[in-house]
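Dear colleague,

I am handing over the structure we spoke about, and my notes on it follow below. Please read them with the coordinates open beside you.

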Amino acid sequence: DTLIQMADAQYEAFEAKNKAKKPKIRKEGGVGSNDNKGSDDPHFAGKQLSNFVDWVNTREGEPFTAIVDGANVAYFGQGHVDYLQLKLMVETLENMNENPLVIMPQKYTNSKFRVSSKFLQKLTPEDLEIIEGFEEKGQLFKVPALCLDDYYWMLASVSDQTVSRNGTNIDVPTDNDDGRWPGIRPMLISNDQMRDHKLELLEPRLFRRWCSSHIVNYSVKNNKTEISFFAADFFSREIQGNPTPAPFSLSGQEESGNWATAWHFPVSDWDNHERLCIR
């Protein structure tokens, strides 16, 4: 609900800014002037975001285990939107036995669009083929105009994926046989620092926990032929109190059926995934 309210507020601000601009006639036939064409409905963005959540939770097939911030990845280290780089990311994740979903602003899937006021980018036939390939495999979601894509990949990273998961746990344990790094799924692939969201979203402690547990940073190396990742923490680096069944009552009787709290403390001299547990 918080993100949906934020989406509506952001959309209203975008619309007001858009209407304040004077229309410009360009030789390219107005390319860029229509990139930000939205709806007169003040709740358009919130409704679109709600529809996205419904789609994620009702779609069939394999659950997504990696949410890709498409604009961040395609623009990383470039002065333009690089679909070859985005394709490399998706293929790398697939080779790691992950099922990726790319979240991309609709603007960047048009045949031509403005990256800035001075730069008009025209997608190549190869770029358009990559986009088509993503769509055919159900790996691409286009965020409507004037809607902030950040909200979409944030929600996707914590979505239930009710139908596709069918009650199964998609997190990866430490002792998995597939060579996948352990941790929460879906993970979020992005180098976005999200400085714009910290004060507006969750309670700060929960926000930090979400960042440390879900976000996976990356780098592109060897002339855009290789991607390396910096995995999210498998455990939060903060003190956590987790409910756990109490096996015995205080009187020493058999299983009591009561619940107690197990406290987990990170220790500076220990391994990152080790915690002192007190129950």
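**What was found**

In the protein chain, which has 279 residues, buried residues make up 41% of the total; please bear in mind throughout that this is a predicted model. The chain has 8 helices and 11 strands, and among its contacts between residues at least 6 apart in sequence, 67% join residues at least 24 apart.

I begin with the sheet. It is open and is formed by 6 strands in the order β5-β2-β1-β6-β7-β8, with mixed pairing. The edge positions are taken by β5 (140-143) and β8, and because each of these has a single partner strand, one side of each is left without a neighbour in the sheet. From one strand to the next, the twist averages 25°. At the β8 end, β7 and β8 pair in the antiparallel sense over 5 bridges, and Ser219 stands opposite Ser228 in β8. Helix α6 (residues 149-158) lies across β1, β2, β5 and β6, and runs at about 170° to β1.

Next come the nonpolar cores. The largest of them has 27 residues, and those with the most contacts inside it are Tyr83, Met89 and Ile189. At least two residues of this core are supplied by each of β1 (66-69), α3 (70-75), α4, β2 (100-105), α5, β6 (187-189), β7 (215-221) and β8 (226-230), while the largest share, 6 residues, comes from α4. If residues up to four places away in sequence are not counted, Ile189 touches Ile67, Val68, Asp69, Val73, Met89, Leu93, Val216, Tyr218 and Phe229. There is also a second, separate core of 20 residues, which includes Ala45, Val56, Ile67 and Cys147.

Finally, there is the packing of two helices. In general, two packed helices are described by the angle between their axes and the distance between the axes. Here, the axes of α4 (residues 83-95) and α5 (residues 125-136) come within 9 Å and cross at roughly 35°, and the crossing in which α4 passes α5 is left-handed. On the α4 side, Tyr83, Leu84, Leu86, Lys87 and Val90 take part, and they meet Glu126, Asp127, Ile130, Ile131 and Phe134 in α5. Sorted by class, this contact has 7 nonpolar and 3 charged residues, and no polar ones.

With best regards

Methods: Residues are numbered from 1 along each chain as its sequence is written. This is a predicted model: local features need pLDDT of at least 70, side-chain atom pairs count only at pLDDT 80 or more; totals for chains, interfaces and linings use all residues. Side-chain values use heavy atoms; hydrogens and water are left out. Axes are lines fitted to C-alpha atoms, for helices over the stretch in contact, and angles run from 0 to 180 degrees between N-to-C directions. Helices (H or I, at least four residues) and strands (E, at least two) are DSSP runs, numbered from the N terminus. A crossing is left-handed if the near helix is turned anticlockwise from the far one by less than a right angle, and right-handed if clockwise. Contact means heavy atoms within 4.5 Å. Ala, Val, Leu, Ile, Met, Phe, Trp, Tyr, Cys and Pro count as nonpolar, Asp, Glu, Lys and Arg as charged, and the others, Gly among them, as polar. A nonpolar core is a set of buried Ala, Val, Leu, Ile, Met, Phe, Trp, Tyr and Cys residues joined through side-chain atoms within 4.5 Å. Buried means under 20% relative accessible area, exposed over 50%, partly exposed in between (1.4 Å probe, protein chains only). Two strands pair if DSSP finds at least two bridges between them.
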